[in-house]
Amino acid sequence: MARTTSAGPPADLLGPVQGEVSWFCCGNAWGPCSSTGKGACGTCNSGNLQHAWPNTSDACWAITRPDSCGFSLSRRTCGFQHRTTALCTGTSVVTTIADCGPQTDLFCGEQSCCGATCASNRLIDLTPAAFSRIASLSAGLRPAEISTV
Amino acid sequence: MDGIAASQPYVIALFLLWAGLVKLLSRRTRAQAGRTALARLVGAARAVPALRLVGLAELAVAAALLVPPVHPLDGAAAALLSAGFLAYLAYASVAAPATSCGCLGGHSRPVDVRAFARAGLLLAAGLLATGATGAHPPLVPLAVLEVVALLALSAELDRHWLVPLRRLRARLCPPLAVPPAGDVPLETSLHLLRRSPAYCSASARLTSDVRETWDEDGTRFVVYGAGDRTAVFALPLGGDDPRTVRVALVDEAALA
Amino acid sequence: MRSRRDVLRSAVLGGGAGVVAATALGSLGPEAAFATAAAPDAEPGAPDPNFAEGRIRSIKDNTLLVLGSNMVFHTIRVVDGTSLWKLGPVGFDQARPGDGLYARGVRMPDGMLAAEAVWLNIVNIKGHITDIKHQTLHLDHNGHEVLCHVVPGTSVAVHSESPPTSDLSLLKVAQHVQILGAWRPDTNEVDIATVFSPH
């Protein structure tokens, strides 16, 4: 399925982008994670510094559809590194792509704030190990800046 | 008995027509073929051709069931298709439990008990259809009942009837009624705290999640670890101005 | 003799002995930047040595023995400064064998993890609400049904960046949500801490 270009050039093409970051579990672990498996790249584990990206393949794009929220993101494949920096705390973590996600189109326009700084739309999902480096797991959803390394 | 057997070809043909047409004509179904259990079985590259082949087979058997003369082989073919389909569902539920079966619509629905029940009913209908001779007219009320039962078992159609029904029930008897006004949930306070300048300036140094919290005289105190020290926030209960949140970094060891 | 809470309360409301930095106005100035040494960076993509995940096998004194999903055992030490979360901040006495665990801390030379934060049974699952009945949301998560229970006084709903509310009645059947909560071990049930609704 061809990727739509109606949302213009990828927002992350020329510099960092701001959006929301959440976390997810993977790797056949306890609880509801026991059914999640190792992700689209086959390597995902909750204890690894990894993340899910909305545009790892055409099939992935068909699920996440960031263009439904009015923007596009670059195609990045398994193992690609991103840096996620929590807004207002400034703490950051570098992770590699291990899965497809989040489902950006199902949360279009959603906003999260830290201090007076807010960001919209879900751009990235981190593993628990990665998310807990920049925020508390119990927060669930945080605004962040995503950049390439 | 003959009337029952005579009804089955029409019931089965209806579903085979639906399934076959969706596989051949629905772009959404073809677009999602790569994510179905079928793709796991034959490989993602062969998923769409396989889907088309199955669709053609379903249409062919549907035509055989509808077009006279009636022959026991028509029912046998339908039963064979259903048996093969049951085996496919069993494979899907074991090998790829979270994937859609790609059966009767483009809306992904993982294989569940209803899918098995529907396939089992169609298998039974196929076996009954082998007894049809064409000499007896079909029992229309029975056929209608069977179709309704099969439609109710079709999870692909839930959004047309089951979801609206559940929404209506929730509207008539609200299951999540507004609770009486009482304590402010901790998460409400933490939301205010995270929006405060106090949190912005301290958060990079926090090394733990909330360690303890207590309320006193209209103020909520929230305590975090900050390395060797303790960060304590004070915020008004029921307030919504982030600027009223205070923070202090305390060296508890020095006070001991 | 003042209680510890008295001391902390005085510190944040009025300053005093032992206070390293504070503000009566709500923000800390640059002179209050408290430096901490940066933890050595773990390799991106690799396991984080300062993080542990798994299920608690046994509890002895202030130590948790945890079996990870990769069949590796972790020994985790909990101290006074460690936070514990189990649907909210709880004491160490709330930890149970069988609880799912994530822990972040500092890996000691002997391999033990000195925990700074421990989260028990915490899950963050996304899915469609398939039904709402009797204070329970039925969630379709990756094709599996998860029963998510509303806990009075604790569960809140967040609609975008609106303040969290304990009124969950705006949630609708068939909508997509994210549910942060506490898994009930060995079940498909979760107690809700926060429901994130996009609208």
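## Nonpolar cores

A nonpolar core is a set of buried Ala, Val, Leu, Ile, Met, Phe, Trp, Tyr and Cys residues joined through C-beta atoms within 7 Å. Keep that idea in mind as you explore this structure, which is a predicted model. Its largest nonpolar core has 116 residues. Which residues have the most contacts inside this core? They are B:Ala231, B:Val232 and B:Phe233 from chain B, together with C:Ala103, C:Val118 and C:Ile179 from chain C. Strand S7 of chain C, residues 113-120, contributes the largest share of the core, with six residues. Apart from this one there is a second, separate core of 39 residues, and B:Phe15, B:Ala19, B:Ala79 and B:Ala155 are among its members. As background, nonpolar side chains in soluble globular proteins tend to be buried together.

Leaving aside residues up to four places away in sequence, C:Val118 touches C:Val78, C:Thr82, C:Ser83, C:Leu84, C:Trp85, C:Leu101 and C:Ala103. One of these partners, C:Ala103, is also listed with C:Val118 among the residues with the most contacts inside the largest core.

## Where chains B and C meet

The contact between these two chains takes 52 residues from chain C and 58 residues from chain B. On the chain C side, at least two residues each come from helix H1 (4-14) and from strands S1 (19-22), S5 (83-85), S7, S8 (122-133) and S13 (189-197). Which element gives the most to this side? The answer is H1 of chain C, with seven residues. Sorted by class, the side of chain C that touches chain B has 27 nonpolar, 18 polar and seven charged residues.

## A look at chain B

Chain B contains 11 helices and four strands. Of its 256 residues, 45% are buried. Now take the contacts in chain B between residues at least 6 apart in sequence: 66% of them join residues at least 24 apart.

## A barrel in chain A

Chain A holds a closed barrel of six strands, in the order S1-S7-S2-S4-S3-S8, with mixed pairing. Neighbouring strands here are turned by 45° against each other on average, ignoring direction.

One pair to find is S2 (residues 50-53) and S7 (residues 122-126) of chain A, which run antiparallel and are joined by two bridges. There, A:Ala52 stands opposite A:Asp125 of S7.

## How confident is the model?

For the model as a whole, the scores are ipTM 0.92 and pTM 0.82. Chain C has a mean pLDDT of 87, and 85% of its residues reach 70 or more. Residues 29-38 of chain C stay under 50 in pLDDT, and the model has seven contacts for them beyond four places in sequence.

Terms used. Residues numbered from 1 in each chain as written. Chains lettered and ligands numbered in written order. Predicted model: local features only at pLDDT ≥ 70, side-chain atom pairs only at ≥ 80, totals over all residues. pLDDT = per-residue confidence, 0-100. Pairing = 2+ DSSP bridges. Axes fitted to C-alpha atoms, helices over the stretch in contact; angles between N-to-C directions. Buried ≥ 20, exposed ≤ 12 C-beta atoms within 10 Å, placed from the backbone. Nonpolar A, V, L, I, M, F, W, Y, C, P; charged D, E, K, R; others polar.
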